[in-house]
Amino acid sequence: MEVAFLGLGNLGRAIAKRLKDVFGKEITLYVWTRDISKAELVSSELGAIRLLSPSKIPESVRFVLLCLFDSNAVEETIKKISTKNKILIDLTTNFPDKVLIFESYTRENGGEYVESPVLGSVIPASQGKLTAIVACRKNIFDESEKLIKAIAEKIFFIGEEFSKPSILKLINNLVLGSFMLAIGEAVAIGEKMGFTPELIVDILLSGAGKSAILEAKKSKIISKEFSPHFSVSLIAKDLKYLEEFLKEKMGERDFFFSKTKEIFERAKNNHFAQLDFSSVYAFILKNLEDKKTNKENHKK
């Protein structure tokens with residue numbers, strides 16, 4: 001089985017490694033990302049073949065997986081691929097209307113497009129425990145299922161209802177971002193009140209904060225170590241996509257999650273962009289400390 005994997009960010013790299021772990025010698029894996037040094041490193045780690053460009057994918061490759069930052073990157077990349085007789089499995093979190101363009105373009109050029117955004121981050125990806133929401137033709141899903149099952153323990157297949165998986169993924173990330181913001185603010189406020197992050201996290205896990213999100217992020221919050229699994233840039237992008245899409249479909253109105261989007265945008269623009277999105281806690285803490293300092297200076 002020949003597979004090309006395009007996009008080796010934190011999630012993409014974990015998924016590519018998972019595919020190699022599951023299929024071993026059964027899979028010939030080609031990899032590409034814009035960062036040449038990263039592509040060289042991953043290809044060496046996995047025993048994969050590095051591609052110089054998406055245009056260099058061999059004709060013999062049937063499956064092309066995309067795990068890119070945003071819809072602009074997907075659009076740019078797809079146009080470089082010779083899609084004839086290929087199945088493009090797009091794991092990217094896309095702007096929903098763009099998916100319709102990608103599917104149409106792929107089909108018109110002799111290929112098949114599988115919309116398959118995934119829920120979960122680096123650790124569940126490495127364990128094959130993501131959740132996939134999939135739209136495509138049934139026979140194409142049947143052919144692609146073994147690859148998707150290798151990375152996802154739960155799959156929602158919704159037929160040829162393209163763009164709906166992306167809408168559902170963005171709705172999921174509304175909750176993800178809003179809950180992470182609430183946890184971050186709760187811990188930051190508690191810390192400024194003199195409590196330790198450990199105590200606050202333990203109490204939240206025994207009460208209203210008990211969740212998979214806090215379980216996954218508690219060590220990052222307590223240690224203040226924010227190496228990225230899912231970055232501030234990505235959650236800010238996803239919330240922006242959702243806000244823009246809803247305003248297109250529902251008109252101008254106030255969405256409560258817009259405040260969450262605004263906070264992540266502010267964090268992104270204040271040197272938190274490439275940190276894990278749980279670093280919103282550190283951003284809020286810094287903001288509280290800065291305001292205290294400004295107030296004290298004003299008194300002087």
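**Helix packing and strand pairing in the predicted model**

The axes of helix α3 (residues 71-78) and helix α4 (residues 96-108) come within 11 Å and cross at roughly 10°. Helices (H or I, at least four residues) and strands (E, at least two) are DSSP runs, numbered from the N terminus; axes are lines fitted to C-alpha atoms, for helices over the stretch in contact, and angles run from 0 to 180 degrees between N-to-C directions. Helices α3 and α4 are therefore roughly parallel to each other, a term that covers angles under 35 degrees, whereas angles over 145 count as roughly antiparallel, 65 to 115 as roughly perpendicular and the rest as oblique. In this packing, S71, V74, E75 and I78 of α3 meet K98, F102, Y105 and T106 of α4, contact meaning heavy atoms within 4.5 Å. The residues of this contact divide into four nonpolar, two polar and two charged (Ala, Val, Leu, Ile, Met, Phe, Trp, Tyr, Cys and Pro count as nonpolar, Asp, Glu, Lys and Arg as charged, and the others, Gly among them, as polar).

The structure is a predicted model, in which local features need pLDDT of at least 70 and side-chain atom pairs count only at pLDDT 80 or more, while totals for chains, interfaces and linings use all residues. Residues are numbered from 1 along each chain as its sequence is written, and side-chain values use heavy atoms, with hydrogens and water left out.

Helix α4 also lies across β5 (87-90) and β6, running at about 155° to β6. An open sheet of six strands has the order β3-β2-β1-β4-β5-β6, with parallel pairing; two strands pair if DSSP finds at least two bridges between them. The edge strands, β3 (49-50) and β6 (112-115), each pair on one side only. Within the sheet, strand β1 (residues 2-6) and strand β2 (residues 28-32) run parallel and are joined by five bridges, and V3 has L29 in β2 as its bridge partner.

Strand β8 (residues 130-134) has five of its five residues buried, so it is largely enclosed by the rest of the structure; buried means under 20% relative accessible area, exposed over 50%, and partly exposed in between (1.4 Å probe, protein chains only). Both faces of β8 are covered, with L130, A132 and V134 on one side and T131 and I133 on the other. Strand β8 pairs with strand β7 (residues 118-119) in the antiparallel sense over two bridges, T131 being the partner of L119.
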